Amino acid sequence: MLKRIAILLCVFSSALHAANQSDLDKIAKLNKKAAAKGLDLSNTDLRAYQFNTDKVDLRNANLSHSNLARIDFKKMNLTGADLSYSNLQNANLNDADLTNANLEHADLSNATLDRANLSNARLVFSSLTGASLQLANLNSANFTCANFNNANLTKAIFSQANISSATFINTVTTDILNYDSVTDERVGCN
């Protein structure tokens, strides 16, 4: 008899402490907020790491101050990602979606960004020396004080882009599109 009472008390007690639906809903909302914020991989060394697009979501991820040299981000969705101050030398970003990404002070030297979408991206003070941006969408991107020396911009779309005080020494600019709509003002890049 005493054993049955103990079992009933345990069942009754666990029923009293079971999660209710409103608590579960709150947890689900917190998970959605965390997903919207993105992964925090800042200050990491991920040189040549192979990301699996089916398993890793890099939208809104924080990859700032990371070493991403030679990384393969081909066709990756990096929308809203923070890649500021990151080393992306020789990285493959062909066909990547970098819409609204922060690439301020990023080193993209010799990176390939062919057909990449950089709409509304911030590349202030970034180095694109020797980079390939053929057919890239640079619509409304901010390249203030960026370095495009020896870069290939063939058929890149510059609609509404800001290239104020950017450098273009030995840059291939064959058939670039919408260059007449860029903002190009002299600003201090110190």
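Which residues does Asn 149 touch, not counting residues up to four places away in sequence? A few notes on that and the rest of the model follow.

1. Ground rules. This is a predicted model, where local features need pLDDT of at least 70, side-chain atom pairs count only at pLDDT 80 or more, and totals for chains, interfaces and linings use all residues. Residues are numbered from 1 along each chain as its sequence is written, and side-chain values use heavy atoms, with hydrogens and water left out.

2. Asn 149. To pick up the opening question: Asn 149 touches Leu 128, Thr 129, Gly 130, Thr 167, Phe 168, Ile 169 and Thr 171, leaving out residues up to four places away in sequence; contact here means heavy atoms within 4.5 Å. The side chain of Asn 149 also reaches the backbone nitrogen of Ile 169 at 2.9 Å. A polar contact is a pair of N or O atoms within 3.5 Å; within protein, one must be able to donate a hydrogen and the other to accept it, and residues adjacent in sequence count only if both atoms are side-chain atoms. Asn 149 is buried, at 15% relative accessible area (buried is under 20%, exposed over 50%, partly exposed in between, using a 1.4 Å probe and protein chains only). Asn 149 sits in the segment after helix 2 (21–37); helices (H or I, at least four residues) and strands (E, at least two) are DSSP runs, numbered from the N terminus.

3. The core. The largest nonpolar core has 44 residues, of which Phe 73, Leu 88, Leu 113 and Leu 128 touch the most other members. Such a core is a set of buried Ala, Val, Leu, Ile, Met, Phe, Trp, Tyr and Cys residues joined through side-chain atoms within 4.5 Å. Leu 128 is also one of the residues that Asn 149 touches. Setting aside neighbours within four places in sequence, Leu 88 has contacts that include Leu 68, Ile 71, Phe 73, Leu 83 and Leu 103. The Leu 88 list has Asp 107 and Ser 109 in it too.

4. Aromatics. The whole structure gives six aromatic pairs. Tyr 49 and Phe 51 make an edge-to-face pair, 4.8 Å centre to centre with 75° between the planes. For the cut-offs, rings of Phe, Tyr and Trp (its six-membered ring) pair if their centres lie within 6.5 Å; planes under 30 degrees apart count as stacked, over 60 as edge-to-face and the rest as tilted. Tyr 49 is partly exposed at 42% relative accessibility, whereas Phe 51 is buried at 12%. Elsewhere, Phe 143, Phe 148, Phe 158, Phe 168 and Tyr 179 form one aromatic cluster, and Phe 168 is among the residues touched by Asn 149.

5. Salt bridges. Side chains of opposite charge can pair when their charged atoms come close. There are four salt bridges in the structure, each a side-chain nitrogen of Lys or Arg within 4 Å of a carboxyl oxygen of Asp or Glu. One of them joins Arg 59 and Asp 57 at 2.6 Å, N to O; Arg 59 is partly exposed at 39%, and Asp 57 is partly exposed at 36%. Another joins Arg 115 and Asp 95, with the closest N and O atoms 2.9 Å apart. Both residues lie in the segment after helix 2, so this pair ties together parts that are 20 residues apart in sequence. Glu 104 and Arg 122 also form a salt bridge, at 3.6 Å between the closest N and O atoms, and that pair links distant parts of the chain, 18 residues apart.

6. The disulfide. A search of the whole structure turns up one disulfide, meaning a pair of cysteine sulfur atoms within 2.5 Å. The partners are Cys 145 and Cys 189, with sulfur atoms 1.8 Å apart. The torsion about their S-S bond is about -80°, so the disulfide is left-handed. Both cysteines lie in the segment after helix 2, so the pair ties together parts 44 residues apart in sequence. Cys 145 is buried at 11% relative accessibility, while Cys 189 is partly exposed at 29%.

7. Most residues other than glycine have a negative phi. Asn 90, however, has a positive phi, near 60°, and is partly exposed at 36% relative accessibility. Phe 125 likewise has a positive phi, near 60°, and is partly exposed at 31%.
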